[in-house]
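Me: I want to see how the labels on this model follow from their cut-offs. Let us take them one at a time.

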Amino acid sequence: MKLTVYSPEKAVFDGEVELVELPGAKGRFVVLQDHDSLISTLVKGNIRYKQDGVEQLLPIQSGYVEVNHNVISACVHL
């Protein structure tokens, strides 16, 4: 899957990942390969993603995310 994370100031992350966990407005949720399409708002918390078996955390204040055909695009405020 491809994850791209942008803030108004810069591109924060762009790469292939194995999973993504996001802080949705209605609770945290995980996106895995072949996840259904969705759009969600994001709240203060961490975007957690796994790349090459290594887990990374990206703290955010708010934002939104779109998941579509194994592409996860997030626009966030850091």
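Me: Why is Gln56 called partly exposed?

Reply: Its relative accessible area decides. Gln56 has 34% relative accessibility. Buried means under 20% relative accessible area, exposed over 50%, and partly exposed in between, with a 1.4 Å probe and protein chains only. So Gln56 counts as partly exposed.

Me: Before we go on, what kind of model is this?

Reply: This is a predicted model, where local features need pLDDT of at least 70, side-chain atom pairs count only at pLDDT 80 or more, and totals for chains, interfaces and linings use all residues. Residues are numbered from 1 along each chain as its sequence is written, and side-chain values use heavy atoms, with hydrogens and water left out.

Me: Where does Gln56 lie, and what is it in contact with?

Reply: Gln56 sits in strand β7. Strands (E, at least two residues) and helices (H or I, at least four) are DSSP runs, numbered from the N terminus. Contact means heavy atoms within 4.5 Å. With neighbours within four places in sequence set aside, Gln56 is in contact with Ile47, Arg48 and Tyr49. Val20 is 36 residues away along the chain, and its C-alpha atom is 9.6 Å from that of Gln56.

Me: What makes Asp52 exposed?

Reply: A relative accessible area of 70%. Exposed needs over 50%, so Asp52 is exposed. Asp52 belongs to the loop between β6 (45-51) and β7 (54-60). Its phi is positive, about 55 degrees, although Asp52 is not a glycine.

Me: Is His69 buried or exposed?

Reply: Exposed, because its relative accessibility is 67%. His69 is in the loop between β8 and β9. The hairpin of these strands has two residues between them, and there His69 takes a positive phi near 55 degrees.

Me: How do you know that β8 pairs with β9?

Reply: Count the bridges. Two strands pair if DSSP finds at least two bridges between them. Seven bridges join β8 to β9 (residues 71-77), and the strands run antiparallel. In this pairing, Glu66 stands opposite Ser73 of β9.

Me: Which strand pairs with β8 over five bridges?

Reply: Strand β5 (residues 38-42), in the antiparallel sense. Leu42 has Gly63 of β8 as its bridge partner.

Me: How many helices and strands does the chain have?

Reply: Zero helices and nine strands. From the N terminus, the order reads β-β-β-β-β-β-β-β-β.

Me: Why does the radius of gyration agree with a compact globule?

Reply: The radius is taken over C-alpha atoms, and the globule rule is 2.2 Å times the number of residues to the power 0.38. For 78 residues, a compact globule would come near 12 Å; the chain has 11 Å, so the two agree. Along the principal axes, the C-alpha atoms fill a box of roughly 25 × 25 × 15 Å.

Me: What part of the chain is buried?

Reply: Buried residues make up 37% of the 78.

Me: How many of the side chains are positive, and how many negative?

Reply: There are 7 positive and 10 negative side chains. Lys and Arg count as positive, Asp and Glu as negative; His and the chain ends are not counted. Each charge is placed at NZ of Lys, CZ of Arg, CG of Asp or CD of Glu. The centres of the two sets lie 9 Å apart.
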